[in-house]
Amino acid sequence: MMRTEVIITIVAMAVATFFTRFTSPAILGDTGISTKLKRFLKYVPTAILTALIAPALFAPHGYIDFSMGNSYLIAGAIAALLAYFRQPPLITMGGGMAAMLAIRSLGI
């Protein structure tokens, strides 16, 4: 059974997501945002996602690890390689997850 604070957190995050996603075009729609700013804002989600993922890939144990023992980095590199060759997201994520499972099962 879920705790009450977890349910409240999920509902609050859903409301926050809805508010930021659907009210900003309504507020900023008539202001005439420049194309340069639109182009800049287009890359913000990618930058945020990278900022969230990079520490987990490069420093999974709290320090930067570029060794072959860093299974997160190897699996991430495989997923990045699949993405580079324009594979669909499902194949990219599945490839990274399969690589992680293979590395873990082999004990690397």
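Trainee: Let's start with N70: in which loop does N70 lie?

Mentor: Bear in mind that this is a predicted model. As for its place in the fold, N70 sits in the loop between helix 3 and helix 4.

Trainee: Is N70 buried or exposed?

Mentor: Buried means under 20% relative accessible area. The relative accessible area of N70 is 2%, so N70 is buried.

Trainee: Which end of helix 4 does N70 cap?

Mentor: Look at the side chain of N70, which reaches the backbone nitrogen of Y72 at 3.2 Å. The atom on the N70 side is a side-chain oxygen, and with it N70 caps helix 4 at the end that is N-terminal.

Trainee: How far apart are the end C-alpha atoms of helix 4, and what span should its 14 residues have?

Mentor: Helix 4 covers residues 71-84. At 1.5 Å a residue, its 14 residues should span 20 Å, which agrees with the distance between the end C-alpha atoms, 20 Å.

Trainee: Which residues of helix 4 are buried, and what covers them?

Mentor: The buried residues are S71, L73, I74, A75, G76 and A79. What covers them includes helix 3 (44-58) and helix 5.

Trainee: Which element has the highest mean pLDDT, and which the lowest?

Mentor: For the background, the chain averages a pLDDT of 88, and 97% of the residues score at least 70. Among the elements of the chain, the lowest mean, 86, belongs to helix 2 (residues 35-42), and the highest, 94, to helix 4.

Trainee: Is R86 buried or exposed?

Mentor: The cut-off for exposed is over 50% relative accessible area. R86 has 76% relative accessibility, so R86 counts as exposed.

Trainee: How many aromatic pairs does the structure hold, and why is the pair of F18 and F22 tilted?

Mentor: The structure holds three aromatic pairs. In the pair of F18 and F22, the ring centres are 4.9 Å apart and the planes stand at 40°, so the pair is tilted. These two residues are four apart in helix 1 (residues 4-28), which means that they are separated by about one helical turn. Both are exposed: F18 and F22.

Trainee: What are the centre-to-centre distance and the angle between the planes for F58 and F66?

Mentor: F58 is partly exposed at 33% relative accessibility, and F66 is exposed at 62%. Their aromatic pair is tilted, with values of 5.7 Å centre to centre and 55° between the planes.

Trainee: Which residue forms a salt bridge with R3, and how far apart are the closest N and O atoms?

Mentor: The count comes to one salt bridge. The closest N and O atoms are 2.9 Å apart, and the partner of R3 is E5.

Technical notes
Residues numbered from 1 in each chain as written. Predicted model: local features only at pLDDT ≥ 70, side-chain atom pairs only at ≥ 80, totals over all residues. Heavy atoms only, no water. Buried < 20%, exposed > 50% of the residue type's maximum accessible area, 1.4 Å probe, protein only. Expected span 1.5 Å × (residues − 1). Contact = heavy atoms within 4.5 Å. Polar contact = N/O pair within 3.5 Å; in protein donor to acceptor, adjacent residues only side chain to side chain. Phe/Tyr/Trp six-rings, centres within 6.5 Å; stacked < 30°, edge-to-face > 60°. pLDDT = per-residue confidence, 0-100. Salt bridge = Lys/Arg side-chain N within 4 Å of Asp/Glu carboxyl O.
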